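Open the model in your viewer and get ready to select residues. This tour tells you what to pick next and what is there.

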Amino acid sequence: MNIYLQRIRYKKDTIDGVMKIDGVVVAHTAENAHHALKQGEYPITSTGTFRRYALMRNGVYNLHRQSFIVGKYLIPGVVTKSAFYYKRIYERVRKALRRKQKISLIIVDAK
């Protein structure tokens, strides 16, 4: 299973994006531009690894670690319904890991 985080909007302090799982949009994302993960591929080997990268929150302005929040886009750096989207994605990851599927988080810029 491939989880793509496609960054689409850069502001001074925030980065907004779209999360796709195997090509299907499942959520929007927001990151703190000063602590954003680098572009690349990150293996997800456990639910703990997933929780290290993805978080339930609304805004990224007080986020001081390399991670992102998921939800529905509201304004730059802010998402709503974060818990709903996070739990749905977390369950997909948990089930895929239980089925011994390889999971990769791939972070890319929009083209």
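Helices (H or I, at least four residues) and strands (E, at least two) are DSSP runs, numbered from the N terminus. This is a predicted model, in which local features need pLDDT of at least 70 and side-chain atom pairs count only at pLDDT 80 or more, while totals for chains, interfaces and linings use all residues. Residues are numbered from 1 along each chain as its sequence is written, and side-chain values use heavy atoms, with hydrogens and water left out.

**Stop 1: strand β1**

Select residues 2–10, which make up strand β1. Two strands pair if DSSP finds at least two bridges between them. Pick Y4, and you will find its bridge partner in β8, I106.

Q6 has V18 as its bridge partner in β2. The two strands β1 and β2 form a hairpin, with 3 residues between them.

**Stop 2: R9**

Stay in strand β1 and select R9. Is R9 buried, partly exposed or exposed? Buried means under 20% relative accessible area, exposed over 50%, and partly exposed in between (1.4 Å probe, protein chains only). R9 is partly exposed, because its relative accessible area is 27%.

Show what surrounds R9. Contact means heavy atoms within 4.5 Å. Not counting residues up to four places away in sequence, R9 touches T14, I15, D16, Y73 and P76. Look closely at Y73: R9 lies over the face of its ring, at 4.4 Å from the ring centre. A charge counts as sitting over a ring if NZ of Lys or CZ of Arg is within 6 Å of the ring centre and within 35 degrees of the ring normal.

**Stop 3: strand β6 and its partners**

Select strand β6, residues 68–75. Which strands pair with β6? Strand β3 (residues 24–32) pairs with β6 in the antiparallel sense, over 3 bridges. In that pairing, T29 has V70 as its bridge partner. Strand β5 (residues 54–55) runs parallel to β6, joined by 2 bridges. L55 stands opposite I69. Strand β7 (residues 78–80) pairs with β6 in the antiparallel sense, over 3 bridges.

β6 and β7 form a hairpin with 2 residues between the strands, and in this hairpin G77 takes a positive phi near 85°.

**Stop 4: K72**

Within strand β6, pick K72. Its bridge partner in β7 is T80. K72 is partly exposed, because its relative accessible area is 40%. Leaving aside neighbours within four places in sequence, K72 is in contact with H28, V78, V79, T80 and Y85. Now draw a distance to T29: the C-alpha atoms of K72 and T29 are separated by 7.7 Å, though 43 residues apart along the chain.

**Stop 5: S67**

Move to the loop between β5 and β6 and select S67. S67 is buried, because its relative accessible area is 1%. Its contacts, apart from neighbours within four places in sequence, are E31, H35, L37, R52, Y53 and L55.

**Stop 6: the aromatic rings**

Show the aromatic side chains. How many aromatic pairs does the structure hold? There are 5. Rings of Phe, Tyr and Trp (its six-membered ring) pair if their centres lie within 6.5 Å; planes under 30 degrees apart count as stacked, over 60 as edge-to-face and the rest as tilted. Select F84 and Y85: this pair is edge-to-face, at 5.2 Å centre to centre and 85° between the planes. Y85 is buried, because its relative accessible area is 16%. Then select F50, Y86 and Y90, which form one aromatic cluster.

**Stop 7: two loop residues**

Most residues other than glycine have a negative phi, and most peptide bonds are trans. Select D22, in the loop between β2 and β3. D22 is not a glycine, yet its phi is positive, about 50°. Finish at K100, in the loop between α2 (82–98) and β8. K100 also is not a glycine, and has a positive phi of about 65°. K100 is exposed, because its relative accessible area is 74%.
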